[in-house]
Amino acid sequence: MSRIVASSMVALGLAATALSAETRTFEGWNIRYESPSGWRSGSRSGVAEMLVADDGSLITIACGVDANSDEALRNLGQFLSAMQVTAVPSGEPKKTRIGGRDALVIDGQLHARDGRTFGAHFVVLFDKGGTSLWVCGIAAAGRTEAVSRDVDGIVGGADMKAPTPNQQAIAALAGAWVVDTGSFNPGLGGGDAATGTSHNERVAFDGQGRFEYSRSSAVYVSDMPADVDPVSQVSDQGTYSVIGSALVLRGSNGTMILEMQVNGSTLVVGGKTYRR
């Protein structure tokens with residue numbers, strides 16, 4: 001999964017637009033699926049769609065780049081953490097084959113912080129072209145079996161082909177992009193202690209599919225202990241691609257899929273605005 005998918009489901013319900021059964025497509029990902037009747041479209045991006053039922057049940061269909069079950073299970077943990085729910089599986093994850101593709105099936109319950117409990121049916125379908133399709137059903141009380149049938153119907157009818165990277169967008173990202181925030185007072189002539197915060201992020205793309213990332217954050221207070229380092233730093237590097245409207249980053253800490261917008265010298269990605 002991805003940050004996009006997790007953020008789209010945190011609310012566990014929202015206003016929706018009526019949707020009849022029809023073929024839906026994620027452009028660039030070359031993934032098509034049939035939306036089931038009786039559901040409404042709650043939200044849709046270039047990589048995910050959330051369907052809502054009248055009783056509050058949800059189905060999310062999302063693109064991923066998980067190569068196998070092990071990668072999917074790692075991303076599932078991140079997804080549940082972002083949703084702020086606790087999962088209680090009803091058994092071991094099941095590795096199977098669906099429509100000639102490897103698949104992972106997980107059933108259980110999700111416990112939300114507000115005390116609500118939902119039945120959960122997760123299916124991840126893996127394509128040899130390098131993408132995965134997540135179809136996740138979260139069912140209101142007494143609806144788990146019906147929601148699971150609709151999830152299985154979506155998965156069984158899905159058509160997946162190798163994605164089409166946007167080479168023009170990959171090249172257009174070339175250069176360094178920076179976001180710099182915070183309010184920092186360095187003190188006067190060494191007489192006053194430095195106070196405030198600083199935050200700097202820099203991501204550099206080579207225009208051909210590789211990136212380097214660094215982040216530096218600091219918090220200064222007037223009575224900072226001498227043995228405390230106020231600065232934290234993080235760095236990473238890896239490969240990137242652009243599929244549809246999404247930036248796909250593969251680094252040492254895993255893979256992230258983030259909706260992005262580029263407007264001249266401004267890059268908006270992951271809810272942050274970077275400038276070149």
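This is a short talk on one predicted protein model, its overall make-up and a few of its side-chain pairs.

First, the ground rules. The model is predicted, so local features need pLDDT of at least 70 and side-chain atom pairs count only at pLDDT 80 or more, while totals for chains, interfaces and linings use all residues. Residues are numbered from 1 along each chain as its sequence is written, and side-chain values use heavy atoms, with hydrogens and water left out.

Now the whole protein. It has four helices and 20 strands; these are DSSP runs numbered from the N terminus, helices being H or I with at least four residues and strands E with at least two. Of the 276 residues, 41% are buried. Buried means under 20% relative accessible area, exposed means over 50%, and partly exposed is in between, with a 1.4 Å probe and protein chains only. Contact here means heavy atoms within 4.5 Å. Of the contacts between residues at least 6 apart in sequence, 51% join residues at least 24 apart.

Next, E49. Where is E49? The residue sits in strand β5, residues 48–52, and is buried, at 1% relative accessibility. Its side chain makes a polar contact of 3.0 Å with that of S41, and another of 3.0 Å with that of R44. A polar contact is a pair of N or O atoms within 3.5 Å; within protein, one must be able to donate a hydrogen and the other to accept it, and residues adjacent in sequence count only if both atoms are side-chain atoms.

E49 also forms a salt bridge with R24, at 2.6 Å from N to O. Because R24 lies in strand β2 (residues 22–26) and E49 in strand β5, the pair ties together parts that are 25 residues apart in sequence. Both R24 and E49 are buried. A salt bridge is a side-chain nitrogen of Lys or Arg within 4 Å of a carboxyl oxygen of Asp or Glu. By that rule there are ten salt bridges, and R24, R44 and E49 are linked in a network of them.

A second pair is E201 and K272, a salt bridge whose closest N and O atoms are 2.5 Å apart. E201 is in strand β14 (residues 195–205) and K272 in strand β20 (residues 272–275), so this pair ties together parts 71 residues apart in sequence. E201 is buried, at 2% relative accessible area; K272 is partly exposed, at 33%.

Last, R116 and D114 form a salt bridge at 2.8 Å between closest N and O atoms. R116 is partly exposed, at 38%, and D114 is exposed, at 53%.
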